[in-house]
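Okay, thanks for coming, everyone.

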Amino acid sequence: MNASLSLSQARRIALAAQGLSKARPSGPVTARAVGRTFARLNLVQIDSVNVLARSHYLPFFSRLGNYNPAILQAMAGKSPRKMMEYWAHEASFIRPEHFPDLLLWQKRLWVGAHRMDPTLRLEMEQRIMAALASGPPMTAAELTSKLGHDEVQGRDNWGWNWNVVKRVLEHLFEEGRVSAASRTTQFERKYTLTARVFKGEPLPATDADGSMDRLIEAAARAHGVGTIRCFADYFRTPVRAGAASVQRLVHAGRLEPVTVQGWDRETYRHVESKVPRKAEGRALLSPFDSLVFERRRLEELFGFHYRIEIYTPAPKRRFGYYVLPFLLRESIVARVDLKADRANGRLLVRAAHGEPEAPADTAVELAAELQLMAEWLGLVEIVVEPVGDLASPLAEAVAASAHPLVCADDPLTGKPDNVVLVSPVD
């Protein structure tokens with residue numbers, strides 16, 4: 001008979017696996033702490049939206065607090081590399097040891113140059129590889145300038161506005177022959193030969209079952225408890241192959257079947273997962289945080305229905321453009337639409353909504369978290385706009401947590417309002 005878990009136990013297991021069950025460590029955040037966090041997560045998703053901060057920076061803030069993002073840049077750009085770019089859940093920073101396994105299973109045929117004329121593609125591949133072999137890492141624009149080929153070919157697939165050089169670069173990236181050496185300040189990849197990233201050609205994974213087992217077990221560790229779909233979705237590997245892998249891992253004693261209160265699917269727990277007596281964490285979660293990857297699991301675990309509304313027309317958005325869930329202890333209790341107004345040094349809370357059973361201290365705890373985020377981002381004021389049922393108590397909590405306080409004008413009336421508050425960060 002399978003072991004039985006309460007919903008609360010499953011939540012605490014999941015939060016512990018993701019490094020979100022404990023209060024953040026006090027004192028400066030070291031490179032070692034950042035490295036341990038990344039080793040726990042296995043990947044962080046990359047996204048170009050920078051309305052608040054780059055998405056791959058946020059999971060580390062959620063778990064560690066005020067840390068130096070330059071640590072991540074060093075992990076991804078200096079030898080020996082602790083992280084590298086490749087396709088996983090989506091475009092992601094991954095652990096280099098997972099690269100050969102992902103290379104075997106990631107087939108993004110819709111990316112790059114698969115539909116390009118084969119002769120043109122082969123010619124451009126040879127020219128790009130030669131340029132990268134003989135020169136420093138370069139962006140797609142720099143390679144285009146060097147090779148003198150900026151024609152846009154084909155508009156029938158993803159990346160339709162890419163020129164030939166960019167499309168072939170992405171094709172080579174998908175095949176694992178080129179990698180990202182670093183990113184520019186404009187967030188453009190600087191490409192180099194993968195052999196340079198690894199200081200030699202990486203050994204390819206040849207055992208498909210062993211490769212899948214390594215990825216599924218890594219995903220199961222990062223989940224603590226979950227379903228086959230949860231584990232397969234983490235690295236975006238095929239569900240059928242993932243299901244076979246789960247059975248092998250159960251047979252090997254690495255996973256155990258469990259039942260979770262309220263769940264109607266086969267569920268598994270990693271044998272090394274922990275069940276904290278209580279969850280004490282507090283975090284604002286990126287829309288691309290690995291805790292919220294799988295939306296069905298998020299709703300089953302926390303009763304939290306969540307959708308990213310970046311691509312939803314503004315009049316049809318329910319909660320805002322860039323909405324972060326707010327985790328408090330073992331529940332997701334609120335969501336806030338945030339924006340970093342860097343030009344004016346302000347953290348803008350465009351909307352704040354509480355969940356139906358949010359505890360009484362939600363606004364106070366959220367105000368403290370916003371204060372910490374503003375400090376991390378180097379912003380000197382917090383602005384709470386009067387949108388959402390949590391806005392008024394949040395504004396009061398922000399006012400109480402920082403001094404002095406200056407009233408801002410209500411954006412709708414142009415008159416001073418006691419809900420929209422500009423609060424200098426201590």
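Let me begin with a question: how many bridges join strand 2 to strand 4? One thing before I answer, this is a predicted model. The answer is three bridges, and strand 4, residues 91-94, runs antiparallel to strand 2. If you want to find one of these pairings on the screen, go to Val 44, whose bridge partner in strand 4 is Phe 93.

We've got three strands in an open sheet, in the order 2-4-3, with antiparallel pairing. Strand 2 (43-45) and strand 3 (84-87) are at the edges with a single partner strand each, so one side of each has no neighbour in the sheet. From one strand to the next, the twist averages 35°.

On to helix 7, residues 140-147. Which residues are buried there? That would be Ala 140, Leu 143, Thr 144 and Leu 147. Look down the axis of helix 7 and those buried residues fall within an arc of 105°, so they line one face of the helix. As a reminder, an α-helix has 3.6 residues a turn, so residues three or four places apart point the same way. On the face turned away from the buried side, you'll see Ser 145 and Lys 146, which are exposed. And what covers the buried residues of helix 7? The cover includes helix 6 (118-134), helix 8 (164-175) and strand 6 (189-193).

Next, the nonpolar cores. The largest one has 101 residues, and Leu 52 and Ile 128 have the most contacts inside it. Helix 14, residues 362-377, gives the most to this core, with eight residues.

Last stop: helix 1 (residues 7-17) and helix 10 (residues 208-223). Their axes come within 6 Å and cross at roughly 115°. Helix 1 and helix 10 are therefore roughly perpendicular to each other. Where they meet, helix 1 brings Ile 13, Ala 14 and Ala 17, and helix 10 brings Arg 221, Ala 222 and His 223.

Note on methods. Residues numbered from 1 in each chain as written. Predicted model: local features only at pLDDT ≥ 70, side-chain atom pairs only at ≥ 80, totals over all residues. Heavy atoms only, no water. Buried < 20%, exposed > 50% of the residue type's maximum accessible area, 1.4 Å probe, protein only. Helix = DSSP H or I, 4+ residues; strand = E, 2+ residues; numbered from the N terminus. Arc of directions from axis to C-beta. Contact = heavy atoms within 4.5 Å. Pairing = 2+ DSSP bridges. Axes fitted to C-alpha atoms, helices over the stretch in contact; angles between N-to-C directions. Core = buried A, V, L, I, M, F, W, Y, C linked by side-chain atoms within 4.5 Å. Parallel < 35°, antiparallel > 145°, perpendicular 65-115°, else oblique.
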